[in-house]
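This briefing covers salt bridges, fold, surface and pocket for the model shown below. Please read it alongside the coordinates.

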Amino acid sequence: MNNLGAVCEEIRADLEQRNTARDQAIGLSRSLIRHSSASIRAIHRRDWAKADAGLDEVAAGTRELLAAVRDFPDLYHSGYTQDALKEVAEAHITRAIIRGDALPSAREMGVESATYLKGLAEAATELRRFILDIMRRQHGHSEEAERLLQAMDDMYDQLVAFDFPDALTRGLRRQTDVVRGVLERTRGDLTQSLRQQQLQSALLQLERRLDAETE
């Protein structure tokens, strides 16, 4: 028992170090989520300068967060850290799809496989908003909307193929079901818009033919 004080002091020092790292990780995670959300909003506005600047901040914040939890696996795997990294993945994936660029990999972003897939699922649902905005801006169906719908379809096909235990994918199956519902609604909206355009075009042609016959 002579060394009890020394043993406890060593434990106290370890816990203080972990507590400092935890506080830092929580703060960095909150900042990452804010910057990721702001970047996605800029992408929606197609303000690429602001979006890219925001994603640069996200990348720097990601490196800082990973460094803060590097020596503490329990903090790295905590909910707040993984939620922040999921938002990071979503922001980078969304930008790549909208711009038509190659997707960044999980390794490139420093995120785990399951976290990347959950970010991919959220990016897929984010595309619905882009498609609806395109339909409003262009008054209906367009090739860009079709491209994004195809991207959603491809993402769902990949996500549904990850048939692993929930302990490994951490809720991916539920998010994949959400993607399926969003995909079906978006496909329905785009199909209805195309049919309306075709009907309007047919009516316009009929009107022109009738006008020509009465002249």
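R22 is partly exposed, with a relative accessible area of 37%; buried means under 20%, exposed over 50% and partly exposed in between, using a 1.4 Å probe and protein chains only. Its salt-bridge partner is D23, at 3.9 Å from N to O, where a salt bridge is a side-chain nitrogen of Lys or Arg within 4 Å of a carboxyl oxygen of Asp or Glu. D23 is partly exposed as well, at a relative accessible area of 43%.

The model is predicted: local features need pLDDT of at least 70, side-chain atom pairs count only at pLDDT 80 or more, and totals for chains, interfaces and linings use all residues. Residues are numbered from 1 along each chain as its sequence is written, and side-chain values use heavy atoms, with hydrogens and water left out.

**Fold**

- The chain has nine helices and zero strands; helices (H or I, at least four residues) and strands (E, at least two) are DSSP runs, numbered from the N terminus.
- Read from the N terminus, the order of elements is α-α-α-α-α-α-α-α-α.
- Of the 215 residues in the chain, 40% are buried.

**Salt bridges**

- Side chains of opposite charge can pair when their charged atoms come close.
- The whole structure contains 15 salt bridges.
- E9 pairs with R12, and their closest N and O atoms are 2.9 Å apart.
- Both E9 and R12 belong to helix α1, where they sit three residues apart, about one turn of the helix.
- E9 is partly exposed at a relative accessible area of 45%, and R12 is partly exposed at 43%.
- R173 and D163 form a salt bridge at 3.4 Å, N to O.
- Because R173 lies in helix α9 (residues 172-214) and D163 in the loop between α7 and α8, this pair ties together parts that are ten residues apart in sequence.
- D163 is exposed, its relative accessible area being 61%.
- A network of salt bridges links D14, R18 and D74.

**Surface patch**

- V7, I11 and L15 make a nonpolar surface patch of about 260 Å².
- Patches are built from residues with over 30% relative accessible area and no salt bridge, with like charges joined within 9 Å and nonpolar side chains (Val, Leu, Ile, Met, Phe, Trp, Tyr) within 5 Å.
- Accessible areas come from the Shrake-Rupley method with a 1.4 Å probe, and for residues only the protein chains shown count as cover.
- I11 is located in helix α1 (residues 4-44) and is partly exposed, with a relative accessible area of 47%.

**Largest pocket**

- The largest pocket holds about 250 Å³ of space.
- On a 1 Å grid over the protein atoms alone, a pocket is an open set of points with protein on both sides within 12 Å along at least five of seven lines, and lining residues have an atom within 4 Å of a point.
- Grid points are joined across faces, edges and corners, and a volume is the space filled by probe spheres set on the points.
- The lining of the largest pocket consists of 13 residues, with S113, A114, Y116, L117 and F162 nearest its centre.
- Two or more lining residues come from each of α6 (113-137), α7 (143-160) and α8 (166-169), and α6 gives the largest share, five residues.
- By class, the lining has nine nonpolar, three polar and one charged residues; Ala, Val, Leu, Ile, Met, Phe, Trp, Tyr, Cys and Pro count as nonpolar, Asp, Glu, Lys and Arg as charged, and the others, Gly among them, as polar.

**Helix α8**

- A167 is in helix α8 and is exposed, with a relative accessible area of 70%.
- A167 and A114 are 53 residues apart along the chain, and 9.9 Å separates their C-alpha atoms.

How values were computed:
On a 1 Å grid over the protein atoms alone, a cavity is a set of points where a 1.4 Å probe fits but cannot get out, and a pocket is an open set with protein on both sides within 12 Å along at least five of seven lines; lining residues have an atom within 4 Å of a point.
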